[in-house]
Amino acid sequence: MKVPYDCSWTVRKILKLRGLGQNFVKHHIGNGLGTSLWYDNWHPWGPLYKILDDRTVSRLGTAASATVSSVISNGIWHWPRPRNNLIHQIQMAIPGNLVPQIEMEDEVRWHISPNGQYTTKHTWEAIRSKSEKVPWASLVWFPRNVPKWAFILWLACLKRLSTKDRLRKWGMEVDPTCVLCSQADESLQHLFFHCCYSSNIWEVILYRFQIQRKADLWNSEVSWAIHFCRGNSFQSLLFKLVFAAAVYHIWMERNSRIFGGRSRCAPEVLDSIDEYIRSHVYSWKVIPSSVENQSMCELWKLPRRIFGPGIPRVL
Ligand SMILES: [Zn+2]
């Protein structure tokens, strides 16, 4: 079927994926009545029309609309006498365990799924390009992160945030000065967290985790954070959440100053981070009531109702 000229963009894109999807659909032969001999994916080599031209098909004495049942007789393969070597090879390529089951109907299976049924998960795994897991993956992608925070943090980890140094590399004429401190040129390394404005926020956050260290350049902070938040403790999870919140809110403050003409001082941004963290953690509900966790909750002024006995459901 050709792609209709007047169909929508979405339908057009879906129809163009038919070739890809066809590879995932496998016909398991029963009586062969429900499977096209030439066009369906039942042979180990895939749809045979891809390797045979119309002339060869017609010379074989079978119609283009033939089903697999046309080469089955009394439950065994019964192909017309091969007239060329390719047809002979097609017959020979059928494995010994591919035997017609004439008492059964053909079965169409989504063969990349274990149960033969279509699933988004297995399809995505089959088509996505895979690469080595980045060391910061668990810092960005974890249950309970806020999607918009994770997205900005992901861009930062990829070094794809549109900071002024990048804009200037692309030839855009922008004032290179950091709008948060007005004391240095804006770059990812400067914004997070070498800038005096953002380091004020970040160092308060570190202090609440009882960490005494000066804020450093982005690369160093990410490397350190990956090491610090290993494991699934409440502290690790809270740290990852606050890290994402800090990057997001500092980036939003930067955007607000450039595009909205509004500015807030560092303590106000920190208050905003606190507010979001408290309301978010409040929904977790069950955290083990250990001394460490209680101390963490006091430092972050989190509601005490999140404590509960036993294993936390949220971690
Ligand atoms: Zn700055």
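**Close-up views of a predicted model**

View 1. Phe234, Gln235 and Leu238 of helix 12 meet Glu292, Asn293 and Met296 of helix 14. Contact means C-beta atoms, placed from the backbone, within 7 Å. Helices (H or I, at least four residues) and strands (E, at least two) are DSSP runs, numbered from the N terminus. Residue numbers start from 1 along each chain as its sequence is written. The model is predicted: local features need pLDDT of at least 70, side-chain atom pairs need 80 or more, and totals for chains, interfaces and linings use all residues.

**View 2. Helix 11 has a buried face.** Trp218, Glu221 and Val222 are the buried residues of this helix, which spans residues 218-228. They fall within an arc of 100° seen down the axis, so they line one face of the helix. The arc is taken from the directions between helix axis and C-beta atoms. These buried residues pack against helix 7 (147-157) and helix 9 (188-194). Exposed Asn219 and His227 sit on the face turned away from the buried side. Buried means 20 or more other C-beta atoms within 10 Å, exposed 12 or fewer, and partly exposed in between, with C-beta atoms placed from the backbone.

**View 3. Isoleucine 72 lies in strand 2 (residues 72-73).** It counts as buried because it has 21 C-beta neighbours inside 10 Å. Beyond four places in sequence, isoleucine 72 touches Gly32, Trp77, His78 and Pro100. Isoleucine 14 is 58 residues away in sequence and 35 Å away in space, C-alpha to C-alpha.

**View 4. Residues 310-315 have pLDDT under 50.** pLDDT is the predictor's confidence in each residue, from 0 to 100. For this stretch the model has 11 contacts beyond four places in sequence. The protein chain averages 88, and 95% of its residues score at least 70.

**View 5. The protein chain holds 14 helices and 6 strands.** Its radius of gyration is 31 Å, well over the 20 Å of the globule rule for 315 residues, so the chain is more spread out than a compact globule. The radius is taken over C-alpha atoms, and the rule is 2.2 Å times the number of residues to the power 0.38. Of the 315 residues, 23% count as buried.

How values were computed. Two residues are in contact if their C-beta atoms, placed from the backbone, lie within 7 Å.
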